[in-house]
Amino acid sequence: MKTAPRLSANRGPASNPLSLTGQDEGDGNPKESCPFINSTPATGVEKSQQYDIKSMALFEEEIDTSPMVSSLLSTLANYSNLPTGSKEHEEAENNEEGTRPSKKPVKTMLTAISMSAIATNGVVPAGGSYYMISRSLGPEFGGAVGICFYLGTTFAGAMYILGCIEILLIYIVPQAAIFKIEGLEGPEAEIALLNNMRVYGTIVLSFMALVVFVGVKYVNKLALVFLACVILSILAVYAGIIKTAIEPPVFPICLLGNRTLVSKSYDVCAKVIEIDNETITTKLWLSFCDSDSLNATCDEYFTNNNVTEVQGIPGVTSGILAENLFGNYLKKGMVLEKRGRASNVDPNSLPSNANRYVLADITSFFTLLVGIYFPSVTGIMAGSNRSGDLRDAQKSIPIGTIAAITTTSTVYMSCVVLFGACIEGVVLRDKFGEGVNGNLVIGTLAWPSPWVIVFGSFFSTCGAGLQSLTGAPRLLQAISRDGIIPFLRVFGHGKANGEPTWALLLTASICEIGIIIASLDSVAPILSMFFLMCYMFVNLACALQTLLRTPNWRPRFKFYHWTLSFLGMSLCLSLMFICSWYYAIVAMGIATCIYKYIEFCGAEKEWGDGIRGLSLSAARFALMRLEEGPPHTKNWRPQILVLVSVDAEQKVEQPRLLSLTSQLKAGKGLTIVGTSVQGTFLNNYTESQRADQSLRKLMETEKVKGFSQVVLSSNLRDGTSHLVQTGGLGGLKHNTVMASWPHNWKQPECYQHFRNFIEMVRETTIASLALLVPKNISSYPSNGERFTEGHIDVWWIVHDGGMLMLLPFLLRQHKVWRKCKMRIFTVAQMDDNSIQMKKDLITFLYHLRIDAAVEVVEMHDGDISAYTYEKTLLMEQRSQILKQMHLTKNEMEREIQSITDSSRGSIRRKNPSTLKPQHSTDEGGNLAEKSDDKSEAVSNPKQVQLIHNKKTSKPSALISPAASSAGGAATWSDGNNTEKGKILSAVTPDGGRELLSMKPEWENLNQVDVRRMHTAMRLNEVIKKKSKEAKLVLLNMPGPPKNRVGDENYMEFLEVLTEGLNRVLLVRGGGREVITIYS
């Protein structure tokens, strides 16, 4: 080919890349503004110059919307022009610039209010808090929080039992210890105590589990006894506090300077004593001096400070409240010092004899104390956990919970203030009572006897343990019966009366693990996190239901508001991280794992939960946002409507269409799989449901994430049209349609199928939708196949907005096509500079960040061969055959046979060895056509000149009279474009010329159809030569004919264009740019 210098005058109407598209004269549809599409419609002369001379007549209908690639690439030489999507990019930026314009009682009360609202919004069966959360937030949240709350309740039961044993062994019957503690100190004493707690804890746990197993009614009876003991204990404390105002108890502590001394280090709170006028040193002296002599060397602090004895419980009228009112947090190992007392100490000296002082056992701070206090308020769910045993849960839960919280909060807060008003600060901070000889401070304070407090504490812990062993199994049973966690379903069974036997066994086993651990100091924070998480989600459930205003949200409890619930949720979340941020993360991680497990197992429960309502609200909001405008080019991706057909049993006939869709989408964006069922809604609704189930099953098999849609219509054509028009919702609509190449379209009985196909192509063009038509779909790979090598070839003939560039990129993201290389071919004609075209295309791909090999194929402007005329003639003959659809089957076969016999007699090759016919590889083409192709003949391909300059004779019988009178209007284009008497020549190798007379059958052929057939055949030859071994060929799909007279010819052109290729994907753009060079 002649490579002319850079031509600017040859760009024609497409030379201005910045012009905008106006009204499309082909279909009357306004196209989207595009920098690469010319707004000036080309005249017939310009079309002839661009397509006739360049042998691209097949695409001449779309010159005003899809410029040739050569014209496009010439505009890309200067990248100061606005390239793909740049106008949208700047408009989006301009639009963005214009449019920028004490916690515990409070928390528990807010949670109780939210829980009361949920509990009174219908019947609350067994499960309590789990039931409320799961029915409000869905099975995933309910199951995750429910399991965490169950574990928290179970381990809390172990803590209560251990507390019970500790009181028993230390204060009630110390001599019952199996592992003796007397005489041991430090770690040895702690180990012995823990071993005793393990043994007795197991015994107490077994007894409690037996009581719960016998029946909850016995637990209720024992609860009354325990409650009476707790009330007596509380009254005894208040009585003792009142008594301190009159007669404080004798409860001395010994101070050295301002430091608290361990009671075991002295027998008398003095350095020396006078006995018979003789000064004698005390045990305390020996603790700080090297001998009992008055001249002994003693500790410097002991020498410089005096020993004093003060009352540990000075009384409520002593004014000690002012001293204890403010915080005094200590680090671990610091000496407990009394505020306001003088101390003579050298700041540079290190403390000695530290074991003689009472030391802080842990580093204290506010959040730690909050965490210690928190378990005292975790019982607010005790009533809701036993909701299945309550006569009227809707009435009992709100009243009981709020009354309990009010009472306990009043007791807690008043006790905190009163203890600070009558007890020394160093005594309050002495955790183990080392400075008061191990005496129970509250027991000493209480009236009339310390044993009231001891037994009250013992029975309180026993009652709390029983409540945990009663509520936790019922919570687990409710979770198991819902079936959201498969391996827990066995624990949903129980006795005939509903008692959770198996759940109780598992609860006792987990509780035993906690008792064996014995020291639950490291486990307790996570338990607090589980409780807080449960409370947080109860508040969230109430707030969500209130804000969504679901019709079923009608709680009888009216004293709630979503702001209170939201405040309670915020306090719970804040408290989790304030107490221990790392334990909060661990607890959330455990809940997340349970959530994902339930989600993975597929907890398909429809409980009308708030998450579903929230999803609907979010979807509505998102759809409204999508309505604001089309997506930016950077965000454009194919939202595909896949049109499939079903057989008589409502099974999908083209399952590989969904495989291709899955490979193209990779789970992103919108996919709608639609089909049309013939019939009426009243009579064929069952068939449509079966078809829908078939689509859903296939989508699940092919891992296509999307929606199915089945339309019932009186005919398949209208059903497909309805799908194209009404698919999607609001702004979430498809922008691309995928449909399979019509099967056996050449068969007379499939006449309507290909007519429907062409109508669908026209509709997508009018609707500005992209179109993907895979040919030979049965040969496409499944999702399980892998290509280890090969190429995806793109034949870029006309610019379609970048679809041909984007689709291979998306396909190569899938593992099926990942190893394939991408090649882009474009066609250079006689007056194109192929070298410059290749440079421009490489630069364009570089800016698009697409890695592909580039090749410019040169197509010579050759003459139209005799075989092309004969192929065109056969095409028009077939068109007439297909129009005889009103004949019966036998009449149709006889008609076809007579016409083909006539064709064989009139069209013969003079020299069959010089020119071999090309056979169609249509999917399911008929045998009669193939035999025709083998027997067709062409004229001698030597130098031929066909001249027809006189009035033609009467058309052949194969051409209808209407077509003849219209001057060939039966073909693709209008009759005005028919060119009769055109001179065509073919140059032979020897260069000579010979004039032959025109064959009668060629005289009435539409010359536009001849040129289009010539284009299709030439392109097919080039594509087969370059891409015969390609794994996939992507090719521009020419537009359909404007009128419906030439539909058969259009199908034949496409058939010839793709002949001999295994996998072909015909692509039509949607009239907008879909790829951009901008980030």
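Strands β9 (residues 736-739) and β10 (residues 770-775) run parallel and are joined by 3 bridges; strands here are DSSP E runs of at least two residues, helices H or I runs of at least four, both numbered from the N terminus, and a pair needs at least two DSSP bridges. Val-737 finds its bridge partner in β10 at Leu-771. This is a predicted model, where local features need pLDDT of at least 70 and side-chain atom pairs pLDDT 80 or more, while totals for chains, interfaces and linings use all residues. Residues are numbered from 1 along each chain as its sequence is written, and side-chain values use heavy atoms, leaving out hydrogens and water.

Zooming out, the order β8-β7-β6-β9-β10-β18-β17-β11-β12-β13 makes an open sheet of 10 strands with mixed pairing. β8 (707-713) and β13 (853-858) sit at the edges with a single partner strand each, so one side of each has no neighbour in the sheet. Strand-to-strand twist averages 20 degrees, with angles taken from 0 to 180 degrees between N-to-C directions of lines fitted to C-alpha atoms, for helices over the stretch in contact. Helix α25 (residues 751-766) packs on this sheet, touching β6, β9, β10 and β18, at about 150 degrees to β10; contact means heavy atoms within 4.5 Å.

As for nonpolar cores (buried Ala, Val, Leu, Ile, Met, Phe, Trp, Tyr and Cys joined through side-chain atoms within 4.5 Å; buried being under 20% relative accessible area with a 1.4 Å probe, protein chains only), the largest has 69 residues, and Met-381 and Tyr-535 have the most contacts inside it. Helix α19 gives the most, 15 residues.

Definitions and conventions. Buried < 20%, exposed > 50% of the residue type's maximum accessible area, 1.4 Å probe, protein only.
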